[in-house]
Amino acid sequence: MEMFRRFLMSTYLSKKVVMLRFEHPNKTIGYILLLTAFSLLPALLFMIPTIVSGYQNAIQYITTPSTTVYLEDYTLYEEGKRNISSSSFTLDSTTTTEEVSITPPLYGIGLVKDGVFLAIKGQAQVYSYELLGWNSLSKGDLLHHLKDIKNTLFVFIPLSVFLLFCLTAGLKFIQITLFAVIGLYASRFTKKTVTFKHAWVLSAYSITPMTVLFMIIDLFSYSASYSTSLYLAGVLFTYVFILSRLPIKKEKGTSLNA
């Protein structure tokens, strides 16, 4: 209940949000981890169905009699080069894993020229055929390996979720610390009463509005190249707004006695 109250205060930027600077950092860390998990809910809602449907589409496309696909010397070949790409599955013998890493889909799995990939929330994990030990495989062998992969998804999906959570939480802690340093130095020019602990805690709560906004955006499966810049600009604006509500440091009065 207390966590929910702090969430609401930092979401609509109540005047009381500045009082949160006095709480213990351990509570703030717990709040950040909970907010991170909350922000990843849209990714989970799309990731699991996408992986399942992507696997089914892969089997469907490859088993089609008109499809001729095979591996030779760790390289994917397909006759006709149809370069199939749906919302969840990609089969493209002309694209490399490096190119997928640069411009990955939002969600999906795929077989490309030199490896396989799994894209979650615009972040691609790639695995080369050489790493998987897939040297020369016929169409039947490739289907057999894909069916083996299906059995590992029960381990792979939770592991991917855990790694995504750790990466997202780690980036948030780095971002919060950097903003706290900025806030601490800025306070020297604005005569605000703030310590590094205060600046760090308030920086942590300043990410709430933009996290909620981008979670809603993720629900609509929207992604833009400028999303990160927009997110950071929004957090900075929120942080400055919160810092502006801090009390001004009182100057010590001078003695009237000579």
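Predicted model: local features only at pLDDT ≥ 70, side-chain atom pairs only at ≥ 80, totals over all residues.
**View 1. Packing of helix H1 against helix H8.** Helix H1, which spans residues 2-11, packs with helix H8, residues 208-219, at an angle of about 90 degrees, and the axes of these helices are 8 Å apart. Because angles of 65 to 115 degrees count as roughly perpendicular, H1 and H8 are described as roughly perpendicular to each other. On the H1 side the contact involves Phe-7, Ser-10 and Thr-11, which meet Thr-208, Pro-209 and Val-212 of H8. The residues of this contact between H1 and H8 comprise 3 nonpolar and 3 polar residues, with no charged residue among them.

**View 2. The aromatic pair of Tyr-61 and Phe-89.** The count of aromatic pairs in the model comes to 8, and one of them is formed by Tyr-61 and Phe-89, whose rings are stacked at 5.7 Å centre to centre with 20 degrees between the planes. Tyr-61 belongs to helix H3 (residues 41-63) and Phe-89 to strand S4 (residues 89-92), so the pair ties together parts that lie 28 residues apart in sequence. Tyr-61 is partly exposed, at 25% relative accessibility, whereas Phe-89 is buried, with a relative accessible area of 2%.

**View 3. The aromatic pair of Phe-179 and Tyr-239.** The ring centres of Phe-179 and Tyr-239 are 6.2 Å apart and their planes stand at 70 degrees, so this pair is edge-to-face. Since Phe-179 lies in helix H6 (residues 139-190) and Tyr-239 in helix H9 (residues 227-243), the pair ties together parts that are 60 residues apart in sequence. Phe-179 counts as buried at 9% relative accessibility, and Tyr-239 is buried with a relative accessible area of 2%.

Methods: Residues numbered from 1 in each chain as written. Heavy atoms only, no water. Axes fitted to C-alpha atoms, helices over the stretch in contact; angles between N-to-C directions. Helix = DSSP H or I, 4+ residues; strand = E, 2+ residues; numbered from the N terminus. Parallel < 35°, antiparallel > 145°, perpendicular 65-115°, else oblique. Contact = heavy atoms within 4.5 Å. Nonpolar A, V, L, I, M, F, W, Y, C, P; charged D, E, K, R; others polar. Phe/Tyr/Trp six-rings, centres within 6.5 Å; stacked < 30°, edge-to-face > 60°. Buried < 20%, exposed > 50% of the residue type's maximum accessible area, 1.4 Å probe, protein only.
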